[in-house]
Amino acid sequence: MSAIKLLQAYLDDSVATLFRADWNAYATTIALPFTMITEASVLTVTSEAELRAGYDAYQNMIKTQRLTDVARLVETAAKLGDTLIEGRFVTHMLSGALRVVPPYRSTITLRLTDSNWQAISVTNSLANMQWPIHLPRPDPLLEGETP
């Protein structure tokens, strides 16, 4: 399977675990330590408790923002060897037909561990400075997007 198809399948599966509220499945999609680099900070998640706090914050966001869909659409992806994939994608967070936040771009690195792809790092255009992220704050807007 191509790197683009692998990454898109990974992103779709990880979003599905969040909308199913399936902590156990979600936890298998992230390797610890996990690093998130934002416009404002470098955040490192080192424990399952910290990862769970991020998951719980996302679950709360789904409810409070009435999210109906999160589409993470792959733009590019490449295999960096047999066990690493790096790719770029855009996240769209929707409540019905309304955007909850403007779309934002991320770069992700996945590692294959025991036949399971896991995120080891994400870099994105968010202004958030601390973990857990309760609501993404994209900064700046993607080209052509308006607030």
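**Salt bridges in context**

Start with E75. With a relative accessibility of 30%, E75 is partly exposed; buried would mean under 20%, exposed over 50%, and partly exposed is what lies in between (1.4 Å probe, protein chains only). R88, at 34%, also counts as partly exposed. These two side chains form a salt bridge, with 2.7 Å between the closest N and O atoms. E75 sits in strand 3 (residues 69–79) and R88 in strand 4 (residues 84–95), so the bridge ties together parts 13 residues apart in sequence. The term means a side-chain nitrogen of Lys or Arg within 4 Å of a carboxyl oxygen of Asp or Glu.

A word on the basis. The model is predicted, so local features are given at pLDDT of at least 70 and side-chain atom pairs at pLDDT 80 or more, while totals for chains, interfaces and linings use all residues. Residues count from 1 along each chain as its sequence is written, and side-chain values rest on heavy atoms, without hydrogens or water.

How many salt bridges does the structure hold? There are 4. Opposite charges on side chains can pair when their charged atoms come close. E75 and R88 also belong to a network of salt bridges, in which R105 is linked with them.

Move to helix 3 for another pair. D56 and R52 meet in a salt bridge, at 2.9 Å from N to O. Both lie in helix 3 (residues 48–64), and because they are 4 residues apart, about one helical turn separates them. D56 is partly exposed at 36% relative accessible area. R52 is partly exposed too, at 33%.

Next comes the pair of D22 and R20. Their side chains meet in a salt bridge with an N to O distance of 3.5 Å. D22 is partly exposed, at 24% relative accessibility.

A21 has a backbone feature to note. A21 is not a glycine, yet its phi is positive, at about 55°. A21 belongs to the loop between helix 1 (3–19) and helix 2. Its relative accessibility of 48% makes it partly exposed.

The protein chain has 3 helices and 6 strands. From the N terminus on, they run α-α-β-β-α-β-β-β-β. Helices (H or I, at least four residues) and strands (E, at least two) are DSSP runs, numbered from the N terminus.

The overall dimensions follow. The C-alpha trace spans about 40 × 35 × 30 Å along its principal axes. The radius of gyration is 15 Å, which agrees with the value near 15 Å for a compact globule of 147 residues. That radius is taken over C-alpha atoms, and the globule rule is 2.2 Å times the number of residues to the power 0.38. Of the 147 residues, 42% are buried. Among contacts with a separation of 6 or more, 56% join residues 24 or more positions apart. A contact means heavy atoms within 4.5 Å.

Other local sites complete the picture. T28 lies in the loop between helix 2 (23–27) and strand 1 (30–37). At 38% relative accessibility, T28 is partly exposed. Leaving aside residues up to four places away in sequence, T28 touches N116, W117 and Q118. By contrast, G96 is 68 residues from T28 along the chain, and their C-alpha atoms are separated by 29 Å.

Strand 1 holds P33. The peptide bond from L32 to P33 is cis, with omega near -5°.

D114 is a residue other than glycine with a positive phi, near 50°. D114 lies in the loop between strand 5 (98–113) and strand 6 (116–124). Its relative accessibility is 76%, so D114 counts as exposed.
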